[in-house]
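Q: Please take a close look at the metal site of this model and at the parts of the chain that surround the account of it. I would like one connected description.

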Amino acid sequence: MSSLGARLKDRVKRSLPVLGSIIEVETATPTVVLTYDDGPHPVGTDGVLRSLADAGATATFFVLLSSARRHPELIPRITAEGHEIALHGVDHRRLTAFTAEEVTRRTVDAKHELEDLAGTPVRWFRPPYGAQHLATWRAIRRAGLESVLWSATTWDARAVASEKRVAHALADCRPGTILLAHDAFAGPADGVDDGAEPEVDRGALIATLLTEFRARGWVGRSLADALVQGRPVKSAVFSS
Ligand SMILES: [Zn+2]
């Protein structure tokens, strides 16, 4: 029997997420949610797709429309191989620099264009840099998408040794975690200049992580696949 305090706390937890973004999945299965941002890219996405196929894993790809327009053939390949397509933005500029009306308009148009490319409905949106104000979050909802953040990262956008990336990801991973990784590095063609792309073999990184997952009895799954036997956990996370 739970105490009144615990029940109240649980009710508060369940009522707050109305304003929240998905940060993990509550699940009884040994599932880690794999998510990729900033692609598609002929080298990075190809390497990741090969490693996912080798391990029998699935992932959600939060693609940039700017990148999808450069490599449209990769979008149907991602879905044909059993993965999920989601939206990361028209380009990689911070949405907090736009008005809510602009965010809604840009996101609605991008959702339609991406759905045409993918041939599937698009449900999820990940704001570039995770940057969203409450007004941004509402604008994304108005565009018919749900904001998805993460609860662990691979440090694959940083210039660190690959062992550090693996260790950092594993330190925060457990069943239900949403792991952030990248199959490309956003640059000037995506409206931003975040410096030089760090050296990273994206296919090898996920292959190593999936081997570590297997040793722990875990599997890697897309968000859609993970939610078949789980429910989203939301948190009101806002930042500029
Ligand atoms: Zn990004």
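A: The zinc ion is held by three residues, Asp38 through OD, His88 through NE2 and His92 through NE2, at 2.0 to 2.1 Å; donors here are N, O and S atoms within 2.8 Å of the metal (3.2 Å for Na, K and Ca), and since water is not among the atoms, sites may look incomplete. This is a predicted model, in which local features need pLDDT of at least 70 and side-chain atom pairs count only at pLDDT 80 or more, while totals for chains, interfaces and linings use all residues. Residues are numbered from 1 along each chain as its sequence is written, and side-chain values use heavy atoms, with hydrogens and water left out.

Along the sequence, the donor residues follow the spacing D-x49-H-x3-H. Histidine 88 and histidine 92 are both buried, where buried means under 20% relative accessible area, exposed over 50% and partly exposed in between, with a 1.4 Å probe and protein chains only. Aspartate 38 is buried as well, because its relative accessible area is 6%.

The backbone at aspartate 38 deserves attention: its phi is positive, about 80°, although the residue is not a glycine. Aspartate 38 sits in the loop between β2 and α2, and that loop also holds proline 40, with β2 spanning 31–37 and α2 spanning 44–55. Helices (H or I, at least four residues) and strands (E, at least two) are DSSP runs, numbered from the N terminus. The peptide bond that leads from glycine 39 into proline 40 is cis, with omega near 5°.

Threonine 104 counts as buried because its relative accessibility is 15%, and, leaving aside residues up to four places away in sequence, threonine 104 touches Ala139, Arg142 and Ala143. After α5 comes glycine 119, with a positive phi near 70°.

Definitions and conventions
Contact = heavy atoms within 4.5 Å.
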